[in-house]
Amino acid sequence: MAVPLEKPARIARELASHGYAADREAITLLAGAGDTAAALALAVEATPDDVLKLTASDVQDALGDEPRRHRDPISGDDAAAGSEGTAAEEDSEAVGAVEGDTLADPGDSTERSDGKTERPDGKAKKLDDSTGSPGDSSKEPADGTGRYPSVSTGTEGPSVGDGTGSSPVETEGSPGGVSVTKGGAANRRSTGDDSTDSERRAESGRSADPSRRSLYIGNDMTGYSTGTGEYDDFVATFRDRYERLAGKLRGRVNHRNATALQASPGGGDAGIVGMISDIRSTTSGHWLIELEDTTGVFPCLVLKDRAIAGLVEELLFDEVIAVEGTLSDDGSILFVNDLYFPDIPRTYEPSTADRHVKAALISDIHVGSQEFMADAWSRFASWLHTEEADRIEYLLIAGDMVEGVGVYPDQDEELDIVDIFDQYRQFSEYLKEVPGDLEIVMIPGNHDAVRLAEPQPGFDEELRSIMTAHDARIVSNPAVVTIEGVSVLMYHGVSLDEVIAELPEKKANYDEPHRAMYQLLKKRHVAPQFGGHTRLAPEEEDYLVMDEVPDIFHTGHVHKLGWGKYRNVMAVNSGCWQAQTEFQKSVNIDPDVGFAPVIDLDTLDMTVHKFL
């Protein structure tokens with residue numbers, strides 16, 4: 001594992017403490033100066049207050065011609081600043097990029113032996129009369145690939161990017177969805193200054209051409225919330241969920257609704273598509289599942305010796321499934337032979353970009369916490385200015401920009417910034433360290449100052465006016481972001497706690513968060529279970545349903561790095577930028593800090609960079 005050199009890394013941190021970022025050549029010049037501290041002081045003093053990033057020209061203007069020849073901090077040889085093959089190139093690693101750090105695989109987990117229990121309280125009927133349309137699905141889970149990617153994930157060993165399918169993926173546009181192709185004055189978004197895209201690229205030393213980008217935001221419910229919390233609102237939400245997911249399942253079984261099954265004489269084959277109202281084990285060890293549709297509730301029995309009995313462990317309340325089997329002689333119960341999830345089709349092929357462009361996926365920054373890793377963030381931001389990161393044109397942040405206030409007991413004792421608005425102001429300052437030509441998309445998380453119930457709308461106007469750095473796009477949680485034709489489902493991930501708590505450890509655990517994400521892909525819903533860890537807001541439509549299959553599923557929340565592919569969909573949980581807090585110690589969470597997964601959108605290969 002390559003380790004960042006102390007001198008350039010220290011310079012990058014020192015600059016960040018003064019509110020500056022710097023490009024690679026500027027740090028190289030400062031590292032090569034005879035008196036680094038004096039050179040650094042001169043450079044900072046000579047830089048105008050409105051400049052956020054030092055360039056090589058700024059350093060040269062401040063120091064004169066003296067540091068144009070310097071000692072390479074890697075090889076020790078004298079070299080000309082900015083020449084090919086010298087420290088000017090190699091210091092991209094020295095300012096913080098460490099590729100290919102591989103963590104130990106935790107090994108196989110032990111399956112939990114405890115079964116699900118019946119709900120302690122009754123649940124009101126959620127659905128009203130409605131119908132759906134036939135759809136397609138598939139049924140069995142695919143094995144996951146490894147946990148942590150190495151420097152380059154190709155065909156040798158575990159791979160997260162062997163899919164090269166180019167079939168188009170339609171992304172459902174929601175109210176407020178807007179398609180933007182950047183290019184020319186008509187499409188240029190305001191950055192708060194009068195400089196052109198080419199001028200900003202020249203300043204940053206990056207060669208990205210924003211005119212070639214395309215970005216579409218779908219499923220953004222910001223400004224479209226209709227729920228009032230009334231009973232009818234919940235009925236509308238669950239009815240919409242049922243109709244949309246049942247439409248993906250009816251073609252798999254000989255479907256009859258609950259009323260028709262209740263009226264049948266008994267015997268013979270039958271199937272039903274329903275929402276899980278209850279699951280409980282019988283005294284004989286079998287499983288009784290009550291499925292609810294728009295006409296009623298019907299009991300279905302899975303015998304413990306059936307091959308599908310293991311799938312019952314994966315079921316959650318309120319998800320939509322289909323079952324098929326044989327009716328009892330009196331028609332009072334359905335003996336289940338087959339069970340189907342909405343699932344990802346086995347034949348799914350992801351879309352890819354038609355040019356070589358990359359996206360960085362991060363989450364859980366937690367500015368305002370005493371444990372926020374400012375040094376790691378500054379190394380990441382500085383690395384983004386280097387030639388190595390030149391192809392990264394998109395930065396997707398999956399929630400928890402700040403630590404928040406009052407999120408958990410005694411949180412105030414762990415805060416470095418106690419005012420929530422000051423936390424966002426500081427986050428905006430840190431965001432200024434990344435290149436100004438990046439296309440940034442952010443969704444909120446459970447620590448952010450929005451409602452906790454999901455879907456979460458994007459930040460309000462007051463917070464948006466604070467977070468103006470680089471004119472980032474702020475959308476709801478979840479949202480579908482299609483970049484260069486590749487669809488990315490961004491979801492913060494609170495429901496992962498629910499999935500991990502309910503399912504056997506081998507199928508969902510914190511050390512391998514991507515496995516819990518596979519379960520959400522199977523269920524085609526990011527937060528199926530109502531009334532547990534995850535707060536759900538009633539809306540006219542269920543924004544948490546996965547109507548279309550994403551090419552990439554990006555989450556955060558659990559502060560663990562995990563990745564894998566499920567039926568050609570790449571699932572990535574991107575870790576965090578916050579060291580372990582006292583609260584995390586109390587719940588035995590050991591976070592993965594300072595990682596930045598980067599995906600080649602033209603191949604869907606992934607590389608993880610480490611900055612801690």
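Helices (H or I, at least four residues) and strands (E, at least two) are DSSP runs, numbered from the N terminus. This is a predicted model, in which local features need pLDDT of at least 70, side-chain atom pairs count only at pLDDT 80 or more, and totals for chains, interfaces and linings use all residues. Residues are numbered from 1 along each chain as its sequence is written, and side-chain values use heavy atoms, with hydrogens and water left out.

**Stop 1: two cis prolines**

Select Pro478, in the loop between β16 (473–474) and β17 (479–483). The peptide bond that leads from Asn477 to Pro478 is cis, and its omega is near 0 degrees. Next select Pro455, which sits in the loop between β15 (439–443) and α13 (461–466). The bond from Glu454 to Pro455 is also a cis peptide bond, with omega near 5 degrees.

**Stop 2**

Select helix α3, residues 36–46. Here buried means under 20% relative accessible area, exposed over 50%, and partly exposed in between (1.4 Å probe, protein chains only). Thr36, Ala39, Leu40, Ala43 and Val44 of α3 are buried. Looking down the axis of α3, the buried residues fall within an arc of 130 degrees, so they line one face of the helix. That arc is taken from the directions from the helix axis to the C-beta atoms. Ala37, Glu45 and Ala46 are exposed, on the face of α3 turned away from its buried side.

**Stop 3: the barrel**

Colour β8, β9, β10, β12 and β11, which run in that order as a closed barrel of 5 strands with mixed pairing. Two strands pair if DSSP finds at least two bridges between them. On average, neighbouring strands of this sheet are turned by 55 degrees against each other, direction ignored. Axes are lines fitted to C-alpha atoms, for helices over the stretch in contact, and angles run from 0 to 180 degrees between N-to-C directions.

Contact means heavy atoms within 4.5 Å. Met275 has Val320 as its bridge partner in β11.

**Stop 4: an enclosed strand**

Select strand β21, residues 569–574. How many of the residues of β21 are buried? The count is 6 of the 6, so β21 is largely enclosed by the rest of the structure. In a regular strand the side chains alternate between the two faces of the sheet. In β21, Val569, Ala571 and Asn573 point one way, while Met570, Val572 and Ser574 point the other way.

Show the partners of β21 next. Strand β19 (residues 552–555) runs parallel to β21, with 4 bridges joining them, and Ile552 stands opposite Met570. Strand β20 (residues 561–566) pairs with β21 in the antiparallel sense over 6 bridges, and Tyr566 has Val569 as its bridge partner. β20 and β21 form a hairpin with 2 residues between them. Arg567, in the turn, has a positive phi of about 50 degrees.

**Stop 5: the nonpolar cores**

A nonpolar core is a set of buried Ala, Val, Leu, Ile, Met, Phe, Trp, Tyr and Cys residues joined through side-chain atoms within 4.5 Å. The largest has 37 residues, and Trp377, Phe380, Ile397, Phe427, Met442 and Trp577 touch the most other members. Elements that each supply at least two residues of this core include β13 (358–362), α12 (420–431) and β22. The largest share, 5 residues, comes from α11.

Centre on Phe427. Leaving aside neighbours within four places in sequence, Phe427 is in contact with Ile365, Val367, Ile397, Met401, Val402, Met442 and Met467. A second, separate core has 29 residues, among them Ala353, Tyr394, Met490 and Val572.

**Stop 6: single residues**

Select Lys522 in helix α15, residues 513–523. Is Lys522 buried or exposed? Lys522 counts as buried, because its relative accessibility is 1%. Its side chain makes a polar contact with the side chain of Glu314 at 2.6 Å. A polar contact is a pair of N or O atoms within 3.5 Å; within protein, one must be able to donate a hydrogen and the other to accept it, and residues adjacent in sequence count only if both atoms are side-chain atoms.

Finish with Asn588 and Leu604. Asn588 is not a glycine but has a positive phi of about 60 degrees, and at 71% relative accessibility it counts as exposed. Leu604, also not a glycine, has a positive phi of about 65 degrees, and Leu604 is buried at 3% relative accessible area.
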